[in-house]
Amino acid sequence: MQNLFVVSHPHAEHTEADLVGGWYDSRLTARGRRDAHLIAGALRRVRDGARPIRITTSDLSRCAETAAILAPVLDAEVTADRRLREISFGAAEGRPNEWLRQRQVPAPDDNRLDHRGPIPGAETRREVAQRVGACVGALMTDLEHDHVVVTHGFALTFVITTWMRIPVDAAGFASFAATPGAITHLRLDDYWRNRTLVSLADTAHLNVESTG
């Protein structure tokens, strides 16, 4: 069995400040760094050790920091890949979320993939799906390793659809929601070649109480 674990970066400064994220390069908060250590422990416990592990991360600071915390615990090297970035919100990035809410226009049902909306510089759903898919597709050719992908809440959907071999044109309505610090577990059966969504956006590892 080959495993791919998708980590949604934990709590970051832009979330705490209620700012638009996207490519806005905020760092982890103290809570986020604590949660990254909890994620590392959870991944160490759940992986079977049959294959060595690779970590591939979005190059944005909140993901790169997370990956750096995971790496020594999992004895894995880290590769940063900008294709795993969150959707770009263009001119809205770093502004208050309320600014974006007042201007955003939802994609119509007949143009889910290519609707760009009124925000200058924002990406379309297809553009995100294609770049995330290109990264994950390359990882899928490496059958010698298990993989950890550290990415963002919206980009997560297209890690999953690529792994499940769902074409971009069929993913216009797909959405796999995740909270910060969640782990999604995907598995490839070596014999039957089935691709399984084992668990989606699990946060049980974050439900710990301080021991003092």
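**Close-up views of a predicted model**

**View 1. Helix H6 and its cover.** The buried residues of H6 are Leu 156, Thr 157, Phe 158, Val 159, Ile 160, Thr 161, Thr 162 and Trp 163. Buried means under 20% relative accessible area, exposed means over 50%, and partly exposed lies in between (1.4 Å probe, protein chains only). Helices (H or I, at least four residues) and strands (E, at least two) are DSSP runs, numbered from the N terminus. H6 is mostly covered, with eight of its eight residues buried. The cover over its buried residues includes S1, H5, S4, S5 and S6. Just after H6, Arg 165 has a positive phi of about 60 degrees. This is a predicted model: local features need pLDDT of at least 70, side-chain atom pairs count only at pLDDT 80 or more, and totals for chains, interfaces and linings use all residues. Residues are numbered from 1 along each chain as its sequence is written, and side-chain values use heavy atoms, leaving out hydrogens and water.

**View 2. Helix H5, end to end.** H5 covers residues 125–140. Its 16 residues should span 22 Å at 1.5 Å a residue, and the end C-alpha atoms are 22 Å apart, so the two agree. The expected span is 1.5 Å times one less than the number of residues. Buried residues of H5 include Arg 125, Arg 131, Gly 133, Cys 135 and Met 140. Strand S2 (53–57), strand S4 (146–151), helix H6 (156–163) and strand S6 (195–202) are among the elements that cover the buried residues of H5.

**View 3. The nonpolar cores.** A nonpolar core is a set of buried Ala, Val, Leu, Ile, Met, Phe, Trp, Tyr and Cys residues joined through side-chain atoms within 4.5 Å. The largest has 22 residues; Leu 4, Val 6, Leu 84, Val 132, Val 149 and Val 159 touch the most other members. S1, H5, H6 and strand S5 (183–188) each supply at least two residues of this core. H5 gives the most, with seven residues. Leaving aside neighbours within four places in sequence, Val 132 is in contact (heavy atoms within 4.5 Å) with Arg 83, Leu 84, Ala 155, Phe 158 and Val 159.

**View 4. Aromatic pairs.** Rings of Phe, Tyr and Trp (its six-membered ring) pair if their centres lie within 6.5 Å; planes under 30 degrees apart are stacked, over 60 edge-to-face, and the rest tilted. The count by this rule is two aromatic pairs. Phe 154 and Phe 158 are edge-to-face, 5.6 Å centre to centre, with 65 degrees between the planes. Phe 154 has 28% relative accessibility, so it counts as partly exposed. Phe 158 has 1%, so it counts as buried. Tyr 191 and Trp 192 also form an edge-to-face pair: 4.9 Å centre to centre, 90 degrees between the planes. Both Tyr 191 and Trp 192 are exposed.

**View 5. Arginines over rings.** A charge sits over a ring if NZ of Lys or CZ of Arg is within 6 Å of the ring centre and within 35 degrees of the ring normal. Arg 82 lies over the face of Trp 23, 5.5 Å from the ring centre. The charged end of Arg 95 sits over the ring of Trp 99, 4.2 Å from its centre.

**View 6. His 9 in its loop.** His 9 is in the loop between strand S1 (2–8) and helix H1 (13–16). With a relative accessible area of 10%, His 9 is buried. Its side chain makes a polar contact of 3.2 Å with that of Arg 62. A polar contact is a pair of N or O atoms within 3.5 Å; within protein, one must be able to donate a hydrogen and the other to accept it, and residues adjacent in sequence count only if both atoms are side-chain atoms.
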